[in-house]
Amino acid sequence: MNRRTKIAAVAFALLIGAGAAGAATASSPAPAAGVREAAALTGTAKLFRPAPADDDITFSFDAHLASEDRADPQAATGTFRWSHYTRGTGGYAVAKVDCLVTGGKVAVVTGVVFDTDVKELRKKRVGITVHDLGGQDRLGYSWVGRDTRAKVPPCLGSAPFETVKAGTGDFDVVPWEPPYRQ
């Protein structure tokens, strides 16, 4: 097995372990005029991979926590998607949000996969963390490490260890304002 084939095999293993997708779908209503959401994570970006890698890895988010649900991050709504393709091979996944927690410009979102072309992902909960740094956003996902099949509880993600490709990061995090905040 040559080096490129090994890289493609590892990339596909990561995909099988956790998935892929494209652009987010709007599934939650916009807040009423003048009412601030309790928290939100929106936007799309591609992950950075150094040349000669030709991986196309895209994450998109449309996650919201309504003002009236401020005390319950598990009342969040929306979807998030990701895809991972290398030379036309790969797949995608779409998850229904089941928790959204933000702090400053960092967001953790979890959800259960409901649409995918990778059967091992269907009905699996995954967690993703985003750090909104303007043009240099970062991202981390729960399927890193040796046991990519471990169960992920709601509201839990990993450190944002990935960087997004320059010019593609437009994540926007609305900081959570819990009811006890001063």
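Student: Let's begin with S7 and S8. In what sense do they pair, and over how many bridges?

Tutor: Here's the general idea: strands of a sheet pair through backbone hydrogen bonds, either parallel or antiparallel. This is a predicted model, and in it S7 and S8 pair in the antiparallel sense, over 2 bridges. If you want to find the spot, look for Leu 139, which stands opposite Glu 162 in S8.

Student: Got it. In what order do the strands of the sheet come?

Tutor: The sheet is open and has 9 strands, ordered S8-S7-S6-S5-S4-S3-S2-S1-S9, with antiparallel pairing. S8 and S9 are its edge strands, each pairing on one side only.

Student: Now the inside. Which residues have the most contacts inside the largest nonpolar core?

Tutor: General idea again: in soluble globular proteins, nonpolar side chains tend to be buried together. Here the largest nonpolar core has 32 residues, and Phe 59, Phe 61, Trp 82 and Ile 128 have the most contacts inside it. Strands S1 to S7 each give two or more residues to this core, and S2 gives the most, with 5 residues. For the chain as a whole, 42% of the 182 residues are buried.

Student: I keep seeing aromatic rings. How many aromatic pairs are there?

Tutor: A search of the whole structure turns up 9 aromatic pairs. Take Phe 59 and Trp 143, which are stacked: their centres are 6.4 Å apart, with 15 degrees between the planes. To read that, use the angle: planes under 30 degrees apart count as stacked, and those over 60 as edge-to-face. Phe 59 sits in strand S2 and Trp 143 in the loop between S7 and S8, so this pair links parts of the chain 84 residues apart.

Student: Are those two buried or exposed?

Tutor: Buried means under 20% relative accessible area. Phe 59 has 1%, so it counts as buried, and Trp 143 is buried too, at 5%.

Student: And which kind of pair do Phe 61 and Phe 171 form?

Tutor: Phe 61 and Phe 171 are edge-to-face, 5.3 Å centre to centre with 70 degrees between the planes. Phe 61 lies in S2 and Phe 171 in the loop between S8 and S9, so the pair ties together parts 110 residues apart in sequence. Both Phe 61 and Phe 171 are buried. Ring pairs also build a cluster, with Phe 80, Trp 82 and Tyr 141 among its members.

Student: What about charged side chains? How far apart are the closest N and O atoms of Lys 46 and Asp 56?

Tutor: They're 2.7 Å apart, and the two residues form a salt bridge. Lys 46 is in strand S1 and Asp 56 in strand S2, so the bridge ties together parts 10 residues apart in sequence. Lys 46 is partly exposed, at 30% relative accessibility, and so is Asp 56, at 31%.

Student: Where do Lys 105 and Asp 132 lie?

Tutor: Lys 105 and Asp 132 meet in a salt bridge, 3.5 Å from N to O. Lys 105 is in the loop between S4 and S5, and Asp 132 in the loop between S6 and S7. Lys 105 counts as partly exposed at 38%, whereas Asp 132 counts as buried at 10%.

Definitions and conventions. Residues numbered from 1 in each chain as written. Predicted model: local features only at pLDDT ≥ 70, side-chain atom pairs only at ≥ 80, totals over all residues. Heavy atoms only, no water. Phe/Tyr/Trp six-rings, centres within 6.5 Å; stacked < 30°, edge-to-face > 60°. Helix = DSSP H or I, 4+ residues; strand = E, 2+ residues; numbered from the N terminus. Buried < 20%, exposed > 50% of the residue type's maximum accessible area, 1.4 Å probe, protein only. Pairing = 2+ DSSP bridges. Core = buried A, V, L, I, M, F, W, Y, C linked by side-chain atoms within 4.5 Å. Salt bridge = Lys/Arg side-chain N within 4 Å of Asp/Glu carboxyl O.
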